[in-house]
Amino acid sequence: MSADVAVVGAGAAGLRAATVAALAGLSTVLVDSYERSGGQYYRQPVSTPHLPSRTQVEGRRLVDAAYTAGVELRNSTSVWDATVSPDGGVTLRLTSGDRLSTLECRALVVATGAHERVVPFPGWTLPGVYTAGAVQALHKAHGVAVGQRVLFAGTGPLLLVAAAGTRAVEVLEASRLAQAGARHPLATAAGLWRQGERLREGLGSAWRLRRAGTPLRTGWGIVRALGDDRVEGAVVARLDADWRPVRGSERALVCDAIATHYSLVPDTDLLRLLGAAMEHRPELGGWVPSRGPLMATSVPGVFAAGDCTGIGGAGLSLVEGELAGHGAVRHVTGREPRRLPLTALRRERRFQRLYGALFTPRPGLAVLARPDTVVCRCEEVTRGSVDAAMTAGARTVSSVKAVTRCGMGPCQGRICLPAVAQLTAAGPPPEARAPLVPVPFEAVASCG
Amino acid sequence: MTSTDGFEIAFDGAPIPCRDGWTIGAALTAAGVRSWRTTREGQRPRGLFCGIGICFDCLVTVNGRPSLRACLVAAAPGDDVRTQHGSGR
C-alpha cells in the first residue's frame, strides 16, 4: 500500500504531525507498535475508566483529532526495515503479529519517542528490579503493585511521579535539584515559565510522598541490589558532584522491589537505519538527528519530531510534531505553511534546556558496575568482558559490540548501549540494522 | 459472569487470578510471581523489567508459543503460561 505521508509513532509528536498532514488533504498513515495510541505519555486505557486522568483526556482529544482529520491509524504494527527509494520516497516494511506488509510514502515523519535509560549496578538483573516506567504502567494501567516496600532511585521527573501513589520506601534523586536551581536562577525561572501544569504535577507528587511519609533525598543513589533470586534489599549512598557514591556514606535498607530510571534515551534506530546524519548531544539524551527547518533530517523527505530527536517532553513534542507535519506537507505539495507555533517552540526549548541541565546523567555512575556485573541483559555480557575488549583495542560502541556481542540480543542494544557509550571514547553512533524488531522467520520467507 | 469477576490462567499448572485488560506480566506480578524465564548462559531467573516491550527480558511461553513478551501479551481465559528455559525451543 502507499500514502502521501507516513508517520511512525502515535505519541504526542506523531499524532500532531499526522493530523496536520491529513488536514492538508494528504493521505496519511500513522503506524504505532502498541495496541492503544497516545505514546507513553498520552496512552489510552484499554477500558474507559470512571475518572479518566488529565493526560488520558488530552490524549483522547489528540487521537480524536487525528481520526477526524482522516488519518489512517495502524496500531500493533512495527517498522522492521526501511529504505529510501531512488525516486525520493521511503519504503517501510511493517510487521503486525505474524503478518508482514509494505508501505510506500512520499514523506516520512519519524516520531518514535524515547525509552528509559537504565544504568547497570550490581544486582540490577535480579527479578524485582524494574524501570520506573514499568512500575508506573503496572500501577496505572493494571492497578498492580510490584511490592510493599519499593525503592525508587535514579534521575528525572518520572521517578517522582511514578513513586507517588505506590508503596515507596524511599525516593533517591541523583541530581541536587535545589542547589542547581539556586545556582542558575534565571535559567530555572525561564525554563519553568508558563509550565504551570508541569510544576503542579511535580509539586503534587512531592506532596503525596510527604503525606505518605516517604523520604525524598536529592544527591543520593543506589549502589547495589541485594538478594539471591529476587530483590531483598539495597545499598544506597550519597553521591558526589559527578554522581559517584561517596565512600563511607553507604547504608543498607530492606525493600522488596526497586524502580530505577536515569532519564530517557531518544529512540533513533529507524533514523540511523535510514542514514540520517546524527550528532552526540548528552544534554538531549545522547545521539540525536541533525535537523534543518521544519524538522527536516539530512535525508530528503524524512522529518523527525519529539523525544526521538532529544528529550523534551510532551509539550515540545506537540510543537515539533506540528512543524514536522508542515514540513512533510511542503515536501509533498510544495505549499509553504502559513502559521507556525514559534512562540510555543521557544518556551518549550527553554524547558528542554532546564531539563537537560538538571537530569543529564553524570559520568560517576559508570563506577557502579563491577567486573562480574552483567551489562548486556540479553547476551549476558559482563562489565569485565567490555573492559577486556577495550583494553584489547576496541574504542567505540560499535567495536565493543562486535567483539563482545553486547547489544546484539533481541533488545538491539536499547538497554545496554547507552551505558556502554559512557565507557567508550566518542565515535560514530552504533549502526542500526534490519530487522529493527524480531520478525517471524516464516513470515519473511513467505513474503519472498 | 461480569467483566469485573475476571478469570483464571495457569502458570506452570497452578491457577492465577486475572482481570480483563491485564497482560500476562500484570497477572503474574499481581500473584507475586517475580520470574518466569531462565537465561541461556547463566540459567539466571528473569521477569518483568522495562514493562513496555523493548527489553525482551520478560519472555515467556504461552499456549506452547515461546518467547512472547509477558508485558505486552493480553491474558485470555485458560491461557497455559509456562516458565521458559533458554530460548524455549
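Start by colouring chain A by its domains, whose bounds come from an automatic or database domain assignment: domain 1 (2–113 + 267–337), domain 2 (118–263) and domain 3 (369–423). The C-alpha centres of domain 1 and domain 2 of chain A sit 30 Å apart.

A quick word before zooming in: this is a predicted model, where local features need pLDDT of at least 70, side-chain atom pairs count only at pLDDT 80 or more, and totals for chains, interfaces and linings use all residues. Residues are numbered from 1 along each chain as its sequence is written, chains are lettered from A and ligands numbered from 1 in the order in which they are written, and side-chain values use heavy atoms, with hydrogens and water left out.

Next, select residues 12–23 of chain A, which form helix α1; helices here are DSSP runs (H or I, at least four residues), and strands are runs of E of at least two, numbered from the N terminus. Buried or exposed? Ten of the twelve residues of α1(A) are buried, meaning under 20% relative accessible area with a 1.4 Å probe, protein chains only. Among them are A:L15, A:T19 and A:V20.

What do they pack against? Show β1 (2–8), α3 (54–69) and α10 (313–333) of chain A, which are among the partners of the buried residues of α1(A), with contact meaning heavy atoms within 4.5 Å.

Now click A:G25, which follows α1(A) and has a positive phi, near 90°.

Finally, select residues 374–423 of chain A: their end C-alpha atoms lie 14 Å apart, and the span is 48% helix and 10% strand.

Methods
The expected span of a helix is 1.5 Å times one less than its number of residues. Buried means under 20% relative accessible area, exposed over 50%, partly exposed in between (1.4 Å probe, protein chains only).
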